[in-house]
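Here is a short report on one structure.

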Amino acid sequence: EDANPLDDDRVDPQLSPLLAEFCRAAQAIIDGVLIEMRLRGDHCIVAGTRLSPQNREKYAFDADEESLFEAANFFVPETAPLQRVRWLVTLKALHEFKGNWVEAAESLITSARTISDAIPHLKDVWRPSRFPLWSDSRRSLWLSTVGEEMGNPEQGNDQVMAFANSFLEPEWLIPSTEKPGTTPKLPQPSLHSMCSLLTSVTRDAISMYSLEGGVDGLAYMRLESLLKTVINVLDNHQISGAYMAKGKRMHSIMMQRKRYVEEEACLRQVTASITGDMTKLAEKLLLIAQDGREGQRASSSKREKSVQGEERAYYIRLLLSGKKPRRFQESTTLPTFLEWDTPSICRVPKDIVQEALSSVPINSSRLEAVMCTAFCKFIRDALLQDVDTSRVIFRVGSGENELKDGTKQENNEEATTYIEIGLVQTSCTSPVSEVGLEYNAAIFYNESRHFRYQKSFSIEDGAAVSMIEMTVANSFPCPLSRQRSMLTNEYLAAK
């Protein structure tokens with residue numbers, strides 16, 4: 001991890017597309033192992049040595065979420081669902097550590113979809129194997145020397161292999177009845193184990209949604225989509241089995257029918273579990289809707305406005321420019337999630353929203369400054385720790401200090417790093433606006449890939465206002481809490 005930050009890129013750009021994709025996935029998996037070691041904290045032990053946790057500000061700009069998401073996406077549900085789920089659950093643990101409960105729940109919902117999509121293809125699932133060359137002392141004579149520097153040559157290699165095997169696949173993915181013996185290859189998953197895993201992951205996702213609060217409509221929508229997938233798997237489930245000799249045909253048919261009934265029961269238990277969770281959410285949404293009808297009046301209290309503000313999803317635009325610190329130069333460590341001079345859209349965590357709304361009212365003009373300052377404090381402190389960054393300027397707003405050509409009105413010093421941050425609005429309409437009902441974020445949770453904000457600038461004949469619309473790759477909310485802007489459109493209008 002402590003590589004030279006001035007080295008070349010981690011993947012050679014001249015490689016063929018197939019090898020480049022493979023190398024990027026391998027780098028993402030290595031990043032995932034480093035991230036899991038960080039999440040273990042004081043419990044991370046490597047070859048008998050306990051690693052002490054480091055300062056969080058050192059990893060402020062690491063693309064840890066993006067690396068785990070890329071590692072998970074390399075594995076497809078039809079061939080390697082457990083490896084995909086393995087990295088998605090690590091992504092969930094990372095969001096849980098950061099307090100991003102919606103993203104943690106979205107990671108689990110993606111895991112549940114992976115499991116449901118993999119059930120019809122369990123016979124084709126690829127399973128990893130433990131590396132035998134480093135476990136067989138007859139083939140690798142040097143294994144007996146591992147651990148001599150620690151004064152423990154007999155158990156040194158055992159500790160190294162135990163550490164390596166712990167990252168191959170977590171134990172919770174393999175039920176106790178299916179743990180392998182001495183074979184290096186991990187066991188094949190069964191339909192019963194996949195259904196149990198699906199039920200567990202779904203319930204864990206609901207608990208993450210409940211920790212966020214105010215997203216019951218989103219949770220219901222995700223469960224409804226998942227239930228449709230499971231029902232489709234149940235409808236297409238058939239009796240399958242290998243061809244048997246004539247003398248064993250009757251026994252084979254009986255065994256196939258018995259297994260079919262057991263598998264059918266497992267799938268129906270999953271649908272019943274998801275339906276029960278949806279029923280609880282539907283009852284809660286009904287109570288919210290009834291309270292909303294009774295609470296419609298001309299004026300509402302300050303407390304009610306604060307609660308409504310906490311249920312909203314807030315997004316900010318983050319842009320770094322000016323002098324580039326060492327961390328943003330070419331690096332062989334974890335890449336940065338921010339691209340220099342390229343805006344990124346980030347979802348504001350719930351704790352920051354609550355902190356801002358507790359100090360200023362929801363309709364206050366100071367809300368943007370308070371919320372953006374709290375969100376960006378961690379990033380600003382990390383930039384100030386860089387020895388090459390002598391000055392950091394923090395700007396909150398929509399860029400009113402820009403001229404028509406995009407230049408700043410103040411001098412852009414070479415030793416200055418700029419942090420520009422401001423709230424953005426989602427480019428979507430309320431699904432209930434046409435029928436005249438009051439919008440409630442807990443019931444109707446909008447997804448959006450488009451975000452906009454206004455900015456004013458000076459021209460020769462006066463002033464003008466433009467609307468900036470940015471587009472990201474995946475609709476928020478998703479397993480990522482931040483995304484770079486892929487496309488930017490500007491609409492100009494004179495005042």
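A disulfide is a pair of cysteine sulfur atoms within 2.5 Å. This is a predicted model. A search of the whole structure finds zero disulfides.

Take C195. Its closest cysteine sulfur belongs to C266, and the separation of 5.2 Å is too far for a bond. C346 is in no disulfide either. For C346, the nearest cysteine sulfur is that of C376. The table sets out the two cases.

| Cysteine | Nearest cysteine sulfur | Sulfur distance | Relative accessible area |
|---|---|---|---|
| C195 | C266 | 5.2 Å | 3% |
| C346 | C376 | 9.0 Å | 3% |

Are these cysteines buried or exposed? C195 is buried, because its relative accessible area is 3% and buried means under 20%. C346 counts as buried at 3% relative accessibility.

Now turn to the helices. Helix α2 covers residues 64–74, and helix α3 covers residues 81–98. Their axes lie 8 Å apart. The packing angle is about 160 degrees. Angles over 145 degrees count as roughly antiparallel, so α2 and α3 are roughly antiparallel to each other. Their crossing is left-handed.

Which residues meet there? From α2 come D64, E65, L68, F69, A71, A72 and N73. From α3 come R84, W87, L88, T90, L91, L94, H95 and K98. By class, this contact of α2 with α3 has eight nonpolar, three polar and four charged residues.

Terms used
Residues numbered from 1 in each chain as written. Predicted model: local features only at pLDDT ≥ 70, side-chain atom pairs only at ≥ 80, totals over all residues. Heavy atoms only, no water. Axes fitted to C-alpha atoms, helices over the stretch in contact; angles between N-to-C directions. Helix = DSSP H or I, 4+ residues; strand = E, 2+ residues; numbered from the N terminus. Parallel < 35°, antiparallel > 145°, perpendicular 65-115°, else oblique. Left-handed = near helix turned anticlockwise from the far one by under 90°. Contact = heavy atoms within 4.5 Å. Nonpolar A, V, L, I, M, F, W, Y, C, P; charged D, E, K, R; others polar. Buried < 20%, exposed > 50% of the residue type's maximum accessible area, 1.4 Å probe, protein only.
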